[in-house]
Amino acid sequence: MIPESFIQELLARVDIVDVVGRYVQLRKGGANLLGLCPFHTEKTPSFTVSPSKQFYHCFGCGAHGSALHFLTEHTGAPFPEAVRTLAASVGLTVPEEPRTPRQRAAERERREEGSRQRDILQQAQAHYRAALKQAPQAVAYLKKRGLSGEIAARYGLGWAAADRRGLAAVFEHYEEPALIESGLVIEAEDGRRHDRFRGRIMFPIYNGRGQLLGFGGRLIEAGEPKYLNSPETSLFSKGNELYGLHEARAGIRAEGCVLVVEGYMDVVALAQFGLGNAVATLGTSTTSAHLQKLCRASDRIIFSFDGDNAGRKAAWRALQACLPWVAEDVSMRFLFLPEGQDPDSYIRAYGAAALRACLDEASPLSRFMLDELASRHSLNEVEGRAACVHEARPLFAQIPSGGFRLQLEREFAQLVRLTPDELAEMLEAGGAAPQTGELKPVSIRKPENLPSGTRGEPAWGQHDATAAQAGEAGWEPNVGWERVQDPESFPGMNGSAQSQGTPRVPGKRHRTRRTTARTVTPMARRLLQLLLAHPELVEGLGDQQLELLAHHPHLLLVRDLIALASTSGARHAGALLEAADPESDLASAIQDLSTELMAQELPDPRAEWRDALHQIELQSVQEQCDRLIETGLTDKTQRQRYQDLSRRLARLKSRTG
């Protein structure tokens, strides 16, 4: 694990302008720099980079983040690799966890084995590509399928001849064990060897970084299996990879979605007709690892299946894999083509425009799920409706809490003639979903260390609802940020209290799961903006100010941000975003404020900060006075308390005047 402290040191040294400038042509635009967004197609620059905040934001598609986030999203590099790339650019060495000599030797051996296998695969790929040019039957087959030489070159298509030991001409030491380990050669029980791929069109399979992992081969004549993949190796696992994802990145941005199809030929054929956003699973059902990659690639995912019974069964399996990943900001849809048609045949028969129209009309996951459940049971009978609820229970258990699940439960309740409350009670009684052992989105919590102060009952009464209405000081409330934790229950900034969850693991990237909507007051929004733009304001907070913030019932996100800035040492907005738990409400708040972060710099942010805290204190004292008056001031202690607060209130108002 890479220490968070190192990530913050790295972000403090790296200049986001240099990092983004390697991929995007930037020009000066006031205090910021402008360019064409690399995450979607545009003609007018809406992509903005702030040197002072070390933060980028696109006003067109909403992409935003730090230099490190840009590198992972734009290049597809895993988080550790992106860290090492940035570290090398500024002369830093990524700290490694202490390891024994045996562990270091094993790691070195794994790296050498991986490098050796990649070299072997690259040699084989060069051989297959050269062989295609000399294979008229293979070229004729590709032309018959409507593929051009340009598309074949783009996807690196090749040809494995029918010769049993064709690779012996490539590898002098055909008996080398590494040829078996790389999946290119098979050894029979009698010790004789032969090539795994023979008489097949070869499709190289790359990971998101463009590294060759293995191959898929398709027969051009009758035979079985029609499709053949590389076996599981130390580099390749078909349950983790998607064919064409590396080549499809630009197409996904251009089309605004990723299309998941069944085979290599579908991917390549769609690209031939101008739809370069297709990927394919490698002969296996959709897995959680696939979903993780798809959600990173696009927030709109469309699965294409045949309309026959087998296609719908495959779609139902894909839907179940999708359920843990559904969210309000991700659209998952299912396209069923007419029976006998696949994306390849459909686009040839009707053209790209017709297929795009079908994609626009694809069924949302919710509709497919409800329709499929309804088709399996007799909903005009009590028994059928009860069985339907029984089948649906483990499905709902996999869906994260939030707006999507709430809406889906309400529609399903109508379907089975229950009230939403009755259905919720029945679903709750069903228990947790069965464990499958697959990767699931996990909420990884960062310790919520907050300013020290007296714990217990808040010093203020209930917040006046009118204070949260739009228009106060020009700040609009936001109803998309939420908390599931009691605002009163926060540990001290000194870290003595028990953490409320697991620290954020650098490199984990998950989409935020929203659970309970709550209004963020205009004052909270103002403080969040100031802190995001100027994390150094935290350093000037005194004990009285910390206690003031600690007791406010509507400043939990502000306290979270103060704690994050204090514990992480983040020095700018980009570093704060990188340090925030991606699953947290604070990360959602930072995302919501991304546009405002690019606003013009304030002339005196410290004065703005002091004024905001002054307004909070003024409101606090006024509310305490009001509550004491409501009690009637029946005893000496209350009257003395009221007098003290009144004098304090007068001093605060005089400073305001």
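Is Q54 buried or exposed? I started my notebook with that one, and at 10% relative accessibility Q54 counts as buried. A reminder to myself: this is a predicted model.

**Entry 1**

I stayed with Q54 for a moment. Q54 is found in the loop between β3 (47-50) and β4 (55-58). Its phi is positive, about 50 degrees, although Q54 is not a glycine.

I then looked up R417, which has a positive phi of about 60 degrees and is not a glycine either. R417 lies in the loop between α17 and α18 (420-429). R417 is exposed, with a relative accessible area of 57%.

Next I checked omega at E224 and P225: a cis peptide bond joins them, with omega about -10 degrees. P225 has its place in the loop between β10 (212-219) and β11 (227-229).

**Entry 2: the cores**

Which residues have the most contacts inside the largest nonpolar core? I found F47 and L527, in a core of 70 residues. Helix α19 (residues 522-533) gives the largest share of this core, 7 residues.

L527 is in contact with L549, L555, V558, W609, A612, L613 and I616. I also noted a second, separate core of 61 residues, which includes I201, F215, F236 and I347.

**Entry 3: a helix pair**

I turned to helix α15 (residues 365-375) and helix α17 (residues 403-415). Their axes come within 11 Å and cross at roughly 30 degrees. Angles under 35 degrees count as roughly parallel, so α15 is roughly parallel to α17. The crossing of α15 and α17 is right-handed.

Who makes the contact? From α15 I listed L365, S366, R367, M369, L370, L373 and A374, and from α17 F404, L408, E411, F412 and L415. Sorted by type, the residues of this contact divide into 9 nonpolar, 1 polar and 2 charged.

**Entry 4: a helix mostly inside**

I checked burial along helix α23 (residues 585-592). In α23, 6 of the 8 residues are buried, so the helix is largely enclosed by the rest of the structure. The buried ones are D585, L586, A587, S588, A589 and I590.

**Entry 5: A153**

My last stop was A153, in helix α7 (residues 149-154). At 40% relative accessibility, A153 counts as partly exposed. How many residues separate A153 and R129 in sequence? They are 24 residues apart in sequence, and 8.5 Å apart in space, C-alpha to C-alpha.

Technical notes:
Residues are numbered from 1 along each chain as its sequence is written. This is a predicted model: local features need pLDDT of at least 70, side-chain atom pairs count only at pLDDT 80 or more; totals for chains, interfaces and linings use all residues. Side-chain values use heavy atoms; hydrogens and water are left out. A nonpolar core is a set of buried Ala, Val, Leu, Ile, Met, Phe, Trp, Tyr and Cys residues joined through side-chain atoms within 4.5 Å. Buried means under 20% relative accessible area, exposed over 50%, partly exposed in between (1.4 Å probe, protein chains only). Helices (H or I, at least four residues) and strands (E, at least two) are DSSP runs, numbered from the N terminus. Contact means heavy atoms within 4.5 Å. Axes are lines fitted to C-alpha atoms, for helices over the stretch in contact, and angles run from 0 to 180 degrees between N-to-C directions. Angles under 35 degrees count as roughly parallel, over 145 as roughly antiparallel, 65 to 115 as roughly perpendicular and the rest as oblique. A crossing is left-handed if the near helix is turned anticlockwise from the far one by less than a right angle, and right-handed if clockwise. Ala, Val, Leu, Ile, Met, Phe, Trp, Tyr, Cys and Pro count as nonpolar, Asp, Glu, Lys and Arg as charged, and the others, Gly among them, as polar. Lists of a residue's contacts leave out its neighbours within four places in sequence.
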